[in-house]
Amino acid sequence: MRKAIVEKNHPLLSVRRQSELLAVNRNRLKSERATEPPELSEADAQITRRMDEIYLRFPEFGARRVSLWLMRERGPGTGNWLCVRGVTRAFRT
């Protein structure tokens with residue numbers, strides 16, 4: 001329960017110093033902090049919705065096939081967001 005004692009906005013002690021004094025690993029503190037996903041633009045939200053539709057229709061598709069499907073639908077010059085890494089990143093969220 002020493003993790004609960006660490007105050008993120010303490011006026012005198014940084015999180016680093018507090019974790020040293022309490023012998024708490026800072027990585028454990030970071031993993032439990034609630035982070036909100038970044039806001040998506042309307043275009044990204046549409047692509048994400050379309051990814052969900054494709055995945056629900058073809059659950060055997062992985063990130064590679066979903067990204068290929070989207071690139072074929074949208075045509076060339078759709079940007080790097082539809083690359084396999086972008087699709088994989090979106091699948092994780």
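Guide: Here it is, and please keep in mind that this is a predicted model. Let us begin with Leu21, which sits in helix α2, the stretch covering residues 15–22.

Visitor: Okay, so is Leu21 buried or exposed?

Guide: Leu21 is exposed, because its relative accessible area is 51% and the exposed class begins over 50%.

Visitor: And which residues of α2 are buried?

Guide: The buried residues of α2 are Val15, Gln18 and Ser19. They lie on the same side of α2, because the arc they cover around the axis is only 95 degrees. In general, an α-helix has 3.6 residues a turn, so residues three or four places apart point the same way.

Visitor: What does the face turned away from that buried side carry?

Guide: That face of α2 carries the exposed residues Arg16 and Leu21.

Visitor: What comes after α2?

Guide: α2 is followed by Ala23, which belongs to the loop between α2 and α3. Ala23 has a positive phi of about 60 degrees although it is not a glycine, and at 56% relative accessibility this residue counts as exposed.

Visitor: Changing topic, where is confidence lowest and where is it highest?

Guide: In the protein chain, confidence is lowest in α3, with a mean of 68, and highest in helix α4, residues 42–57, with a mean of 85. For the chain as a whole the mean pLDDT is 77, and 80% of the residues reach 70 or more. Where pLDDT is low, the predicted coordinates should not be read in detail.

Visitor: Got it. How many residues are in the largest nonpolar core?

Guide: The largest nonpolar core has 10 residues, among them Ile54, Phe58, Phe61 and Val66. Each of α4, α5 and α6 supplies at least two residues of this core.

Visitor: What about aromatic pairs, how many are there?

Guide: The structure holds three aromatic pairs. In one of them, Phe58 and Phe61 are stacked, at 4.8 Å centre to centre with 15 degrees between the planes. Phe58 is buried, with a relative accessible area of 18%, and Phe61 counts as buried at 7%.

Phe58 also forms a tilted pair with Trp69, at 5.0 Å centre to centre and with 50 degrees between the planes.

Definitions and conventions. Residues numbered from 1 in each chain as written. Predicted model: local features only at pLDDT ≥ 70, side-chain atom pairs only at ≥ 80, totals over all residues. Heavy atoms only, no water. Helix = DSSP H or I, 4+ residues; strand = E, 2+ residues; numbered from the N terminus. Buried < 20%, exposed > 50% of the residue type's maximum accessible area, 1.4 Å probe, protein only. Arc of directions from axis to C-beta. pLDDT = per-residue confidence, 0-100. Core = buried A, V, L, I, M, F, W, Y, C linked by side-chain atoms within 4.5 Å. Phe/Tyr/Trp six-rings, centres within 6.5 Å; stacked < 30°, edge-to-face > 60°.
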